[in-house]
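Please read the briefing below alongside the sequence and the three-dimensional view.

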Amino acid sequence: MIRNLVVVGIGGQGVHFVSTLLRKALGARYGRFTGYDERGGAQRYGPVASVIRFEDSGPEKPGGVMGIDFPDGSADWALGLEASELLRFDHKFSSDTIIVCDSVVVPPTNVRRVDGGYFSADEIERHYRALGCRVDMRDFTGLAERMSGNRLNANLLALGVLLGKMDGALEISDFAGLLDERRLALIGACL
Amino acid sequence: MLNALSSDFFTTEPGSSLILSGAAASSRGAYEAGAGLVVTYPGSPVVEAFDVLADQAGPMAGRCHIVVNEHVAFHKALGYSLAGGRTLAIMKHVGFNVASDPAHYSGYTGIVGGMVILLGSDPGANCSTSEFDCRLYSLHTHLPVIEPGDFQEALDMTRGAFDLSESTGLPIIIVLPSRFCYGMGTVRTGRVKEPVGEMSFSRREELTNVGPRAVARHRLLIEKIERLANYDGKTSAADEINGIMPDRRLIRRAETLVVTSGIYFDMVVEALKVLNASADAAVFAPVLTYPMNMTSFFSAIEESSCGRVVFVEDLEGYLQLQASSAIARRGLSIEIRGKDIFPPWGALDFSLIIRGLAELLGRVELLPSGLDAKRKAVHREGTFCPGCPHRSFFFALNQVLGPDLVIGGDIGCSSLPPHFSDWLTCMNSGPSIAAGVSLALDGKGPRVVSCIGDSTLFHGGIQTIIECAQTDSDQICFILDNSWTAMTGHQPTPGTGRGLDGRVNESAVDIAALLRACGVKRVLKADPASIRQLGAVMNRLAGEKGFSCVVVARECRLQARRRPDDNPWKTRFAVVSQRCRACDRCYSVLTCPAIFKDDEGKPRIDDSLCVACGACRQVCPNGAIVQVKVKSREGGKE
């Protein structure tokens, strides 16, 4: 069965880091995966996204054609390293989509300049709950700072929560050769 | 079954599995093909294709050259090829605009060693100032184009393109869209060929293109293309063209034949499946999209017995143009659809493809749908990094010279939003367009200034500087020198003072001296770390007539921070809330990403993002941002 995962955030947050980790783990476990990236905003506080597609039937049962993009409403999971960036992918989500996201919301500078209002984390969480999605929104950034003294580790904590909701499609053991013990422990902390 | 994953991009073991981006998969193909020279001018989305090959610990380090611009890069690659070596030239679609002059001639001169040009296109303009359809160049350069459909094809087809180049005597263009360039997938490696050892250059008449010789070469080029367009693979061994890859075909008897290419083939097939319409359409995707193989195309039409052909492609409709012309020449009566359904602008994604096909095939009721989003995402512009010297520069420019300026903008980091400039188009647009504007205003309108980055200055700006100096263009040109081609990941420029290998470049160019050598009479320097100093320089030049240049020099903060720092004392900035009047100058005007608002709506500094440039302290009118020294726990760089 083809599974679809979306990772979103803003440039500088580590979308590339997390999605590369996921792809390495998927490559080792299933062999075949595909997808695309939008990295125009990388390092520039703009939108960044990774789309990852894989078949959880594994390489023994190679499936059919799997393009780099996927049908609307077919995302199985979404990982939001910045909550409001998820809204760009609503057309890909359905009420079955599992959403894990950091409650951090970063207003764009174009909003800051005009003193415009922006979404709050609560609003975004309510939006997805109202649409029937399963949402796990936490302050991973604050948690990472308290646990490790480094806010950037929020990505690993969020990844751990996502793994816990992937029904075994990926597990922490798939990351064993990819990260040191300290980082593996951070993934495991919220699993 | 996939072999164990390898992390060694340069593995010489055939059959190894690697996880690579689309751009890097293409690079691996060039490595396997024995490319002896790789040239580039850095440009997104294909910059990674160069970076992986140029890895200083890898076997190709010395064979990878960053060249001053794409025109020179193309020529350098062509020269290497003419001496017998295989070469890869990497550039983005707009870079090919710059290289188009030599590209036109390369079809006439031909090549000797295989020459492949890797072009990153950018439908949707996600990482570029435009989304031109670079494939259209082939209609007049007559350079063949290959569009891989997945990661393995990116590797295999790039490797095969070198063979095709040598068997046709033409440079071959590989086109990869930006979303695919950055995406990742698994590939299986092939055998690595050693680069050609000793090379030699022999004089050939065809390299001099004038008069009747040029006409004869033009004719020969057209004949080569016609042979490729009509190649049926059944010719004798002597006529065989090496490196021709089979087109992708899902041919069945159906009313509709969908013609597509590259990454869109899989999306079309999957969309038909979702629409339960796989039996209702045949699909044909040429690998060589210029010249489109008409033997293969017409056999797809005949085998499917279709009554209409639908072209699914991004941007301008380049397959549709070639095929429509061929259909007309053949006198076929067949319905042609494509650009009336799929727009010639923007990125073509799965949603657009399936919606177009659903409407065409009468399957709209089977369209999948996502959430009915009531909350729409707000556009998020990019911005300068914390500590970026350009942020301070533009702040000073707006504060000191005022809002009535005419500001010419140019490519690079300085072009990032909020786009302080009045225009932003191609490389060297800043001072060049400003030269025309200032001439027209004749000193009677607002002051004209222009900006250009250091890398862009070397790329093509220096000709404008000469022009402006010689004509005493009435403008102040700010050279925003951050020492690197920072926008694409910090590649060195001729002014960096270091090479790709980190060694000191004894031939580094002194920008101020270069400007003076071009005839610029007033060359000043300013450090953007001091907004006051910048302001003083701007004020001094504000009343001066004629051409002035200011070298605004400060290394990109991201790069500066990468170097070891043994100073145990670190500088931090903090907002003293008792002094803060919430004027928002730091938050809304300077808009540094390291400044955020706390629960009470007051600005705070995020230490994990702040790089201690001090710009916020300089702009605060209330003295509420203060500098503090702290001793780091590790006694050195954190």
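In which hand, left or right, does α9(B) pass α12(B)? The crossing of α9(B) over α12(B) is right-handed, where a crossing is called left-handed if the near helix is turned anticlockwise from the far one by less than a right angle, and right-handed if clockwise. This is a predicted model, in which local features need pLDDT of at least 70 and side-chain atom pairs count only at pLDDT 80 or more, whereas totals for chains, interfaces and linings use all residues. Residues are numbered from 1 along each chain as its sequence is written, chains are lettered from A and ligands numbered from 1 in the order in which they are written, and side-chain values use heavy atoms, with hydrogens and water left out.

**Helix packing**

- Helix α9 (residues 264-274) of chain B packs against helix α12 (residues 350-361) of chain B at an angle of about 50°, and their axes are 9 Å apart; that makes α9(B) oblique to α12(B).
- In chain A, helix α1 (residues 15-30) and helix α5 (residues 154-164) pack at an angle of about 40° with their axes 10 Å apart, and α1(A) and α5(A) are therefore oblique to each other, with a right-handed crossing.
- Helices (H or I, at least four residues) and strands (E, at least two) are DSSP runs numbered from the N terminus, and axes are lines fitted to C-alpha atoms, for helices over the stretch in contact, with angles running from 0 to 180 degrees between N-to-C directions.
- Angles under 35 degrees count as roughly parallel, over 145 as roughly antiparallel, 65 to 115 as roughly perpendicular and the rest as oblique.

**Sheet in chain A**

- Six strands of chain A, in the order β2-β3-β1-β4-β5-β6, form an open sheet with mixed pairing, two strands being counted as paired if DSSP finds at least two bridges between them.
- At the edges of this sheet stand β2 (33-38) and β6 (134-138) of chain A, each of which pairs on one side only, and the twist from one strand to the next averages 10°.
- Strand β5 (residues 98-102) of chain A pairs with β6(A) in the parallel sense over 5 bridges, and A:Ile99 stands opposite A:Val135 in β6(A).

**Sheet in chain B**

- An open sheet of 5 strands in chain B has the order β9-β11-β10-β13-β14, again with mixed pairing.
- The edge strands β9 (248-250) and β14 (335-337) of chain B each have a single partner strand, so one side of each is left without a neighbour in the sheet; direction ignored, neighbouring strands are turned by 20° against each other on average.
- β9(B) and strand β11 (residues 281-285) of chain B pair in the antiparallel sense over 3 bridges, and the bridge partner of B:Arg248 in β11(B) is B:Ala285.

**Backbone exceptions**

- Most residues other than glycine have a negative phi, and most peptide bonds are trans.
- The peptide bond from B:Ser44 to B:Pro45 is cis, with omega near 15°, and B:Pro45 lies in the loop between β2 (37-40) and α2 (47-53) of chain B.
- A cis peptide bond also runs from B:Tyr290 to B:Pro291, with omega near -10°, and B:Pro291 lies in the loop between β12 (288-290) and α10 (294-304) of chain B.
- B:Asp472, although not a glycine, has a positive phi of about 50°, and this residue is found in the loop between α15 (454-471) and β17 (476-481) of chain B.
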